[in-house]
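Here's a quick briefing to read alongside the model. Keep the sequence and the 3D view open as you go.

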Amino acid sequence: MPDPLHELPAPIELTREEYRVQHAALEAVLDVLDRFPHTDGAGTVRVQVEAALQGLLRKIWPFLDEVDDSE
């Protein structure tokens with residue numbers, strides 16, 4: 001595997017809007033996989049997306065009580 005072009009910092013902070021976009025994108029992928037299960041017959045993509053979604057939710061979980069979605 002080639003060396004990465006750039007080393008990413010250990011923590012990467014996202015804005016609230018960036019978290020919302022990431023969450024929506026991951027949920028959309030799961031929806032597509034539910035509608036078209038033949039696209040991921042082995043379930044590899046679903047496992048990766050669910051892991052990413054769980055990681056994202058663990059990061060924002062402590063702040064969910066503060067979220068005001070009335071915008």
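The side chain of Asp40 reaches the backbone nitrogen of Thr44, at 3.1 Å, and that of Arg46, at 2.9 Å. Both are polar contacts (N or O atoms within 3.5 Å; within protein, one must be able to donate a hydrogen and the other to accept it, and residues adjacent in sequence count only if both atoms are side-chain atoms). Bear in mind that this is a predicted model, where local features need pLDDT of at least 70, side-chain atom pairs count only at pLDDT 80 or more, and totals for chains, interfaces and linings use all residues. Residues are numbered from 1 along each chain as its sequence is written, and side-chain values use heavy atoms, with hydrogens and water left out.

**Overall picture**

- The protein's secondary structure comes to 2 helices and 0 strands; these are DSSP runs (helices H or I, at least four residues; strands E, at least two), numbered from the N terminus.
- Out of 71 residues, 14% are buried. Buried means under 20% relative accessible area, exposed over 50%, and partly exposed in between (1.4 Å probe, protein chains only).
- Take the contacts between residues at least 6 apart in sequence: 55% of them join residues at least 24 apart. A contact here means heavy atoms within 4.5 Å.

**Asp40 in the loop**

- You'll find Asp40 in the loop between α1 and α2.
- Asp40 is buried yet has no salt bridge, and the nearest side chain of opposite charge is Arg46, 5.4 Å away. For charges, Lys and Arg count as positive, Asp and Glu as negative, and His and the chain ends are not counted.
- Setting aside residues up to four places away in sequence, Asp40 touches Leu33, Val45 and Arg46.

**Helix α1**

- Helix α1 runs over residues 16-35, which makes 20 residues, and reaches 29 Å from first C-alpha to last, close to the 28 Å expected at 1.5 Å a residue. That expected span is 1.5 Å times one less than the number of residues.
- Which residues of α1 are buried? They are Tyr19, Leu26, Leu30 and Leu33.
- These four cover an arc of only 60° around the axis, which puts them on the same side of α1. The arc is taken from the directions from the helix axis to the C-beta atoms.
- In general, an α-helix has 3.6 residues a turn, so residues three or four places apart point the same way.
- What the buried residues of α1 pack against is α2 (44-60).

**Helix α2**

- Helix α2 has 17 residues and reaches 25 Å from its first C-alpha to its last, close to the 24 Å expected at 1.5 Å a residue.
- Val49, Leu53, Leu56 and Ile60 are the buried residues in α2.
- Looking down the axis of α2, its buried residues fall within an arc of 65°, so they line one face of the helix.

**Leu56, up close**

- Leu56 sits in helix α2 and counts as buried because its relative accessibility is 10%.
- Leaving out neighbours within four places in sequence, Leu56 is in contact with Tyr19, Gln22, His23 and Leu26.
- Leu56 and Arg20 are 36 residues apart in sequence but 9.9 Å apart in space, C-alpha to C-alpha.

**Salt bridges**

- How many salt bridges are there? The count comes to 3, where a salt bridge is a side-chain nitrogen of Lys or Arg within 4 Å of a carboxyl oxygen of Asp or Glu.
- Asp31 and Arg35 pair up at 2.8 Å, N to O; both lie in helix α1, 4 residues apart, about one turn of the helix.
- Asp31 is partly exposed, at 33% relative accessibility, while Arg35 is exposed, at 56%.
- Asp34 bridges to Arg46, with the closest N and O atoms 2.4 Å apart. This pair links distant parts of the chain, with Asp34 in helix α1 and Arg46 in helix α2, 12 residues apart.
- Glu50 also meets Arg46 in a salt bridge, at 3.5 Å, N to O. Glu50 and Arg46 are 4 residues apart in helix α2, so about one helical turn separates them.
- Arg46 counts as partly exposed, at 24% relative accessibility, and Glu50 is partly exposed too, at 32%.
- Put together, Asp34, Arg46 and Glu50 form a network of salt bridges.
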